[in-house]
Amino acid sequence: GNNLKYSEILSNFKQHEITATIQCGGNRRKEYNIYGKTSGTAWLGRAISTAKWRGVWLRDVILSIHPKICDDENMKQNKWVTIKSIDDLEISIPIEKVLNPNGDVMLAFRMNGDEIPRDHGYPLRLIVPGYAGIRNVKWVKSIEITDEETDTPWQTGIAYKMLPHYSKKATQQELDTL
């Protein structure tokens, strides 16, 4: 594979700053529990914050490895960018979001002018403006272009989904058979 070191990411790519508001997809889950038990932390409406992030565009990193990916429709058709964290969280985002020059998908290493605090993803965090907090991966360990969306609880599980009334009591296994 094409492995880049943290120091190479910091020194080999132009740095940018963006301000982004990140909200947990499970916000107000505690209120949903009135109607039926939900999966995950029973948040109220406070799992949201805004910060100024500094880092490099993930698009630039991918283009340094695959310079023609934006020109070759076959190379990016039905592709995903799958990110793993050091705590084994794994999600995928559509490659179109990452490669869009206005997508603002960032590998961030600074938050509000300082190193990212450990609880917020030090040393490297993925920032995906417009996507639920779970897609803004803390403690990035690896990034890979994949043919399919990852099948993990954070990506395809029910913890971050509003379910229709008929599936309230369904388990993930039962929902998979629908």
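Buried means under 20% relative accessible area, exposed means over 50%, and partly exposed is what lies in between, with a 1.4 Å probe and protein chains only. By that scale K79 is buried, at a relative accessible area of 18%. Welcome to a predicted model, in which local features need pLDDT of at least 70, side-chain atom pairs count only at pLDDT 80 or more, and totals for chains, interfaces and linings use all residues. Residues are numbered from 1 along each chain as its sequence is written, and side-chain values use heavy atoms, with hydrogens and water left out.

**The chain overall**

- The protein chain holds seven helices and eight strands; these are DSSP runs numbered from the N terminus, with helices being H or I of at least four residues and strands being E of at least two.
- Of the 178 residues in the protein chain, 35% are buried.
- The accessible surface of the protein chain comes to about 11000 Å², and carbon and sulfur atoms hold 48% of that; such areas come from the Shrake-Rupley method with a 1.4 Å probe, and for residues only the protein chains shown count as cover.
- Taking contacts (heavy atoms within 4.5 Å) between residues at least 6 apart in sequence, 61% join residues at least 24 apart.

**Nonpolar cores**

- A nonpolar core here is a set of buried Ala, Val, Leu, Ile, Met, Phe, Trp, Tyr and Cys residues joined through side-chain atoms within 4.5 Å.
- The largest nonpolar core has 24 residues, and the members that touch the most others are L58, V81, I83, I93, L107 and L126.
- Two or more residues of this core come from each of α3 (58-65), β3 (80-85), β4 (90-94), α5 (95-99) and β5 (106-111).
- Apart from this core lies another, of eleven residues, including W57, M106, A108 and I127.
- Residues up to four places away in sequence aside, I83 touches L89, E90, I91, I93, L126, V137, V140, S142 and I143.

**A closer look at H16**

- H16 sits in strand β1 (residues 16-23) and is buried, with a relative accessible area of 17%.
- Beyond its neighbours within four places in sequence, H16 is in contact with W53, R54, G55, W57, D60 and M106.
- The side chains of H16 and W57 make a polar contact at 3.1 Å; that term means a pair of N or O atoms within 3.5 Å where, within protein, one must be able to donate a hydrogen and the other to accept it, and residues adjacent in sequence count only if both atoms are side-chain atoms.
- H16 and V56 are 40 residues apart along the chain, yet their C-alpha atoms are separated by 5.9 Å.

**Salt bridges**

- With a salt bridge taken as a side-chain nitrogen of Lys or Arg within 4 Å of a carboxyl oxygen of Asp or Glu, the count comes to four.
- E17 and K52 form one of them (3.9 Å, N to O), linking strand β1 with strand β2 (residues 48-57) across 35 residues.
- Both partners are partly exposed: E17 has a relative accessible area of 44%, and K52 has 40% relative accessibility.
- The side chains of E31 and R28 meet at 2.6 Å, N to O; E31 is partly exposed at 32%, and R28 is partly exposed at 46%.
- D147 and K79 pair at 2.4 Å, N to O.
- D147 counts as exposed at 53% relative accessibility, whereas K79 is buried.
- Shared partners join E17, K52 and R54 into one salt-bridge network.
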